[in-house]
Amino acid sequence: MRPLSDHSSPAIACHNIQTAYQTTLKRPILNGIDLEIQHGEFVALLGMNGAGKSTLLRSLVGLVPIKLGSIDICGTSVTPNHINEVRKNIGFLCQGGGLVDQLSCLDNVLCGCLGDLTTWQSLWGFPQSDRRTAMQLLQKMGLQEQIYQKARQLSGGQRQRVAIARTLIQSPHILLADEPTTGLDVAGIDQVMNSLAEMNQNGLTVVVVLHDLALAAKYAQRAVILDEGRVMYDGDCQNIKRQFAKLQSLSSAQSATAA
C-alpha cells in the first residue's frame with residue numbers, strides 16, 4: 001500500500017455535504033451527509049433507489065462535485081487541487097467492473113497501473129515488476145487458470161474479481177465498490193464478497209453499496225442507510241431489517257399523503 005497522507009485522520013470524513021439541486025427530486029441528491037469511516041472498516045451502504053448511495057461514492061473521488069460541506073480522504077481534502085493525491089488512496093470499483101473484453105485478464109489488471117506510468121513507460125510496455133504483481137493478484141483471487149484468458153470468456157463473478165485485482169494493483173487504502181454483485185449468480189456473489197472480505201481482513205477499508213440486507217449482515221461490520229440524501233441509520237448490521245421496515249413504512253405513508 002502507499003503511505004497514508006495522515007494516519008491519525010479518518011479514512012473518510014464527510015461534513016454536511018450537499019450536491020446540486022435536482023428539480024426532479026425537488027432536493028439535492030446528497031442533502032447534508034455527515035459521515036466518518038475509520039481505517040480498516042467494512043461498511044455496507046444501503047438505501048432505497050434514489051437515496052444517493054452511488055452519488056456519495058462518486059463524490060468521494062471527485063466525480064460528483066459538492067456545493068456545500070467538505071470531504072477529506074486520509075486527511076486530504078477532495079478539491080480540484082488535491083484530487084490526484086486523493087485518488088492515489090482510493091480504488092473505485094464501478095458497476096459491471098468496466099473490463100476491456102478484448103484484453104486478457106492480465107492486461108486488464110495492468111491497466112490499473114496506467115496512471116502511474118510516464119508517457120515513455122507506457123510506450124515501452126509495463127515493467128516486469130508490474131506484471132509479476134498483476135499475476136500474484138489474480139492468483140490471490142483464485143484466477144490462476146484464467147490469467148491469459150480474454151475477459152469476454154469469463155463468468156460474471158470472475159469478471160468482478162479481475163476488476164478487484166485491477167483496483168488493488170493501485171495499492172489503495174480504501175476500496176469503494178458500487179453494487180459489485182449486481183447480475184451475478186449465487187456462486188459469483190460469494191466469490192466477490194469473499195474476496196472483498198479477505199482484502200478487508202488484510203487491512204483495506206471497504207465501502208460497498210448493496211441491496212441485499214442478508215449480504216450486508218453477513219459481511220459488513222457496519223451499515224449506513226441513506227434516505228433522501230441523508231444518513232437515517234448508522235450502526236450495527238444486525239439491526240438493518242428493522243430499520244428498513246421503518247423506512248418502507250415512512251415511504252408508504254408519504255406516498256399516501258402525496259396522493
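## Strand β11 and its neighbours

Strand β5 (residues 42–47) pairs with β11 in the parallel sense over 5 bridges, where two strands count as paired if DSSP finds at least two bridges between them, and within this pairing A44 stands opposite A223 of β11. The model is predicted, so local features need pLDDT of at least 70 and side-chain atom pairs count only at pLDDT 80 or more, while totals for chains, interfaces and linings use all residues. Residues are numbered from 1 along each chain as its sequence is written, and side-chain values use heavy atoms, with hydrogens and water left out.

Strand β11 (residues 222–227) has 5 of its 6 residues buried, so it is largely enclosed by the rest of the structure; buried means under 20% relative accessible area with a 1.4 Å probe, protein chains only. Strand β12 (residues 230–235) runs antiparallel to β11 and is joined to it by 5 bridges, with I225 opposite Y233 in β12. The two strands form a hairpin with 2 residues between them, and E228 in the turn has a positive phi of about 50°.

An open sheet is formed by 4 strands in the order β4-β1-β6-β7, with antiparallel pairing. Its edge strands are β4 (31–37) and β7 (76–77), each of which pairs on one side only. Helix α1 (residues 53–60) packs on this sheet and touches β1, β4 and β6, its direction making about 115° with that of β1; contact means heavy atoms within 4.5 Å.

Strands β1 (residues 12–18) and β6 (residues 68–73) run antiparallel and are joined by 5 bridges, and I12 stands opposite I73 in β6. Helices (H or I, at least four residues) and strands (E, at least two) are DSSP runs, numbered from the N terminus. Axes are lines fitted to C-alpha atoms, for helices over the stretch in contact, and angles run from 0 to 180 degrees between N-to-C directions.

Technical notes: Buried < 20%, exposed > 50% of the residue type's maximum accessible area, 1.4 Å probe, protein only.
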